[in-house]
Each structure stands twice: as C-alpha cells, then as structure tokens.
Amino acid sequence: MADLRYSEDHEWVRVEGDIAVIGISEYAQDQLGDVVFVELPEPGRAVAQGDEAAVVESVKAASEVYAPVSGEVVAVNDPLADDPGLVNREPTGGGWFLKVRMSDPDEVEALLDEPAYRNFVSTL
Amino acid sequence: MSDPESAPARPTPLTGLHRALGARMAPFAGYDMPIHYARGIIEEHLHTRSAASLFDVSHMGQLTIRGADRAEALEALVPGDIAGLAPGRMRYTVLTDEAGGILDDLIVTNVGDYLFVVVNAACKDADIAHMREALPGGCAVEELDRGLVALQGPQAAAVLARLAPGAEALPFMTAAPFEIDGARLAVTRSGYTGEDGFEISIPAGDTERIARMLLDRPEVEPAGLGARDTLRLEAGLCLYGQDIDRTTTPVEAGLAWTVGRRRRAEGGFPGARVILDQLASGPPRRRVGIRPDGRAPARAHTTIRAVGGAAIGEITSGSFGPSIGGPVAMGYVDARASEAGRAVEVVVRDRPLPARIAALPFVPHRYFTGKGG
C-alpha cells in the first residue's frame, strides 16, 4: 500500500498522481465508535485545505472531516451511504471518503508521515 | 449543579471493573463512567434486546426518606400518589416547581419502614437540599453509599433466578430484598431500556463481587451509558436535562399519567395550578417521537418545522436507533401539529430533511406484569 500522510485532525491522504484519496484514520474511527452516517460533498466542489469537506456521525455525535489538501472534489465513496460501517471496518481502505484533484501538491509534504502521526497520537 | 469540567470525576464501586473490561470511560455527571466496552454501542444495544446486559448506574442518587408522615410529606413536592403506594411497590414521579416545571424525575419505592428514592446523578445534591428544605422536621433524607446495577433484557429474569431464586416472580414496578453470596440486595423489577429487567442496589463493598457473578453468566454482557441512551430513546423514555427540565411540564412531556387521580382532584403539589389547567384544556406543546426518513441522525436542538414552512418545535434527544436500524428522535412540537404520521422537516446542518411524527415508544415495552405465561 502506498504511504499515507496524516493531518492532526486525523484525516489521511493517499496520493495517486494528482489525485488525493482522503479518509479518516484508524485512531479516529476507534475514537468515534460505530459510524452510522456519512455526509459527502458534491463532486465538482472546490475545497481549501482545512475546509469542512464531509461529516461523519457515530451513534454518539457528529464530527467534521476537514480537507487535508486543497483542490476540486472529483469523486466520493458512494457505498458509504448504505454501509457507513465500512469506515470502522476498513478506515484506510474501502472506507475512504473523497478524492480531490490537488491544486497545490506541496501541501501533502507538510502533512505528517506514518511515524510522526503515530507519535502525535501517542501524546493525545 | 456541579460543573463537570472543573471537578475530577468520582469513581463508582465498579470503576476498576470497567477499566479491567476495557471500557471507554468518560466523565458523566461528575462520575467516571463507561460509555461503551470493546464491542461498541450498537452490539451492546442489540444484546440487551436479545439476551441480557449489565449496566453500572451507581452514579444515580439512592436516598431514603424516613419519618412518620413521609409519604404525605413527599406528596407536597410531587404530583404522584405516594400515600397510596403499598409496601413493596414503586412509582415513577417528578419533582415539580411552582411554574409546573420539572426539577427532576425519580422512582419512589415504599420499602415499608421508609421510602427508597432513586434520583438523577446530576440533580441529586439539589434534590437532597430541596427535600431537606421542604419536608417537615420529622422527615429525614439521607443518601446511601451503595452501588446500583441494572440487569436488563429478556434473559435477565432467568439469570437472576439462578442467583436469587424468587426474584423472577416480582412483577414490574415492585421491590423485594434478596441475598446473594452474603450480600444484602434491594431488587426492583424496573429499568430504563424498555425491556424486562431489574435494578439491584448493593452495599458498595459487595458491588464488584455481585457484578462479576452476574457477568459470569453466559447470557450477560456489560453495556455502557451509550447503549443505555439509545435503548431508552427507542423506548420513548425521557432523559432529565434533555427531554424534561424546568421549562417543561409533566403534561407537555406526556407524563400526565404520573399525576395521580386523587392528586388531580386535591392538588396540593408545586405547580398544581398550571398542571391541572393543562390537563383540563391541553398543553401548548407535546413531546412526540420523530422519525427522519433518511439515514442522517437529527440530534438535540435540531429545529422541527412544517414542510416548507415555519418552525413548530425542537428535538431534545436524537441518535441512531440500533433496533430500528435508522435515526430516531424525540422532541416537542406545537400541540396542534403533534399527531403521529404528520410529515415534517428537521433542519440538519441548514438543510431541511423529510421526517415524520411518530408514536412513542419506537420499540414496544416488554415489561413483566406477572400476568399470563
């Protein structure tokens, strides 16, 4: 699997050419508990780094998912509509949220790599 | 009320057990409480409806009221019929204020020599002060240092029967003393899930041992406050501080049944004028169930509006109902727009979503009345 980069808001990014695949981390899904609803953006929407891009709801509460990179939303993971539990079962695989065509690929470099994110989580 | 952010959370007699079981803990009403265990809220919820779950509810206040005229004295603070409560019987009631608002909801059991009262954790200090202030000098209110667990679910009676033979015969809303392994328990056939089950008051030092004996039964799994909340929501039961508070009356809340027949005729409880007037001519708003059409939960404080129109009310509790398999909620709407089946909209993140007013409970109660079977 390609390297994942992480934000301190617990989103991950996997770069495929000029596309960033975005989801939430294993730590985030574990903290949320059972995911029961995901609200995804319309393809075509422009998002800036740090913008609210999606909403994930567990039994307990609703949480925002922020865009870790800027660009245009080119795809969303439609199966999450009928099977939001994918986020719990495969947070960094089948439970991805959206794909963004990056306008500034350098933003990825500023995100945390796997060891740095693991280190960050251990301080929480 | 205490500020949960400022004071360190207090343990219950079971806090160590929760940690040993791998619970996700969080402060709740000043106590360090389990929100869920490893299997998660949905599985804990479904297990409660299909087998039996053990909940720690030791954060709740367990009080005794002693004194010659204790029942009559308590009737000055609640609209329930307490004087008519036979020994071994218990009743859900509310402490009201002069405006007819609700200060707390509570369960009162006539133990015989005294009243046993269970109140909400977040309200208990205020309730004790209120009772001590308002009850006559001959009445004494004391808080007990005991654990309280709830064993809930269709297999609860079979489980408890093996440890405390006879408990399975108690009808809903009755109480009796039992002994397990030398521990003296106060057992009630009651709960907050809509299922058959028991609440068991245990001396603090015996609570972990008894809890482990119950958890050792193959039918029983631990469940946390998360599942307790979704279970009570599906069962249409109010959570104090969300669905009822000083701004809601018992009549608006659908709790008119707690106002005893004799009390309706005699009055003599705080807010009687407002409450009796609402009983006669109807309340301005009513607590109802809300069933969003889609999958998005509509949470507390979500606006409820007429389709394409003006606001008619607000959601007070809303989540995902695991037994329903979709979002469920309750809230207050204008009484003229409160009939079950009416199409409404709930405004979630600024978008109106289709929903319907629904009858409560969402999941039928399955209490053991002692009749039949």
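## Contacts between and within chains A and B

Welcome to the place where the two chains meet: 15 residues of chain B are in contact with 16 residues of chain A, contact being heavy atoms within 4.5 Å. Please keep in mind that this is a predicted model, in which local features need pLDDT of at least 70, side-chain atom pairs count only at pLDDT 80 or more, and totals for chains, interfaces and linings use all residues. Residues are numbered from 1 along each chain as its sequence is written, chains are lettered from A in the order in which they are written, and side-chain values use heavy atoms, with hydrogens and water left out.

On the chain B side, R295(B), R299(B) and R349(B) provide 43% of the area buried against chain A, more than any other three residues. Chain B itself is divided into domain 1 (38-282) and domain 2 (284-358), with bounds from an automatic or database domain assignment. The C-alpha centres of these two domains are 28 Å apart. Between them, 21 residues of domain 1 of chain B touch 17 residues of domain 2 of chain B. Within domain 1 of chain B, L233(B), E234(B) and E252(B) lose the most area to domain 2, together 37% of what that side buries.

Here are the two buried areas, each being the accessible area (1.4 Å probe) that two parts lose on being put together, summed over both.

| Pair | Buried area | Share on carbon and sulfur atoms |
|---|---|---|
| Chain B and chain A | about 1,400 Å² | 47% |
| Domain 1 and domain 2 of chain B | about 1,500 Å² | 54% |

Next, a helix pair. Helix 2 (residues 41-50) and helix 7 (residues 225-234) of chain B pack at about 55°, their axes 8 Å apart. Helices are DSSP runs (H or I) of at least four residues, and strands (E) of at least two. From helix 2 of chain B, I41(B), E44(B), H45(B), T48(B) and R49(B) meet G226(B), A227(B), T230(B), L231(B) and E234(B) of helix 7 of chain B. These residues divide into 3 nonpolar, 4 polar and 3 charged.

L360(B) and P361(B) are joined by a cis peptide bond, with omega about 0°, and P361(B) sits in the segment after strand 19 (351-358) of chain B. In chain A, H10(A) has a positive phi near 75° although not a glycine, and H10(A) lies in the loop between strand 1 (5-6) and strand 2 (11-16).

Notes: Axes are lines fitted to C-alpha atoms, for helices over the stretch in contact, and angles run from 0 to 180 degrees between N-to-C directions. Ala, Val, Leu, Ile, Met, Phe, Trp, Tyr, Cys and Pro count as nonpolar, Asp, Glu, Lys and Arg as charged, and the others, Gly among them, as polar.
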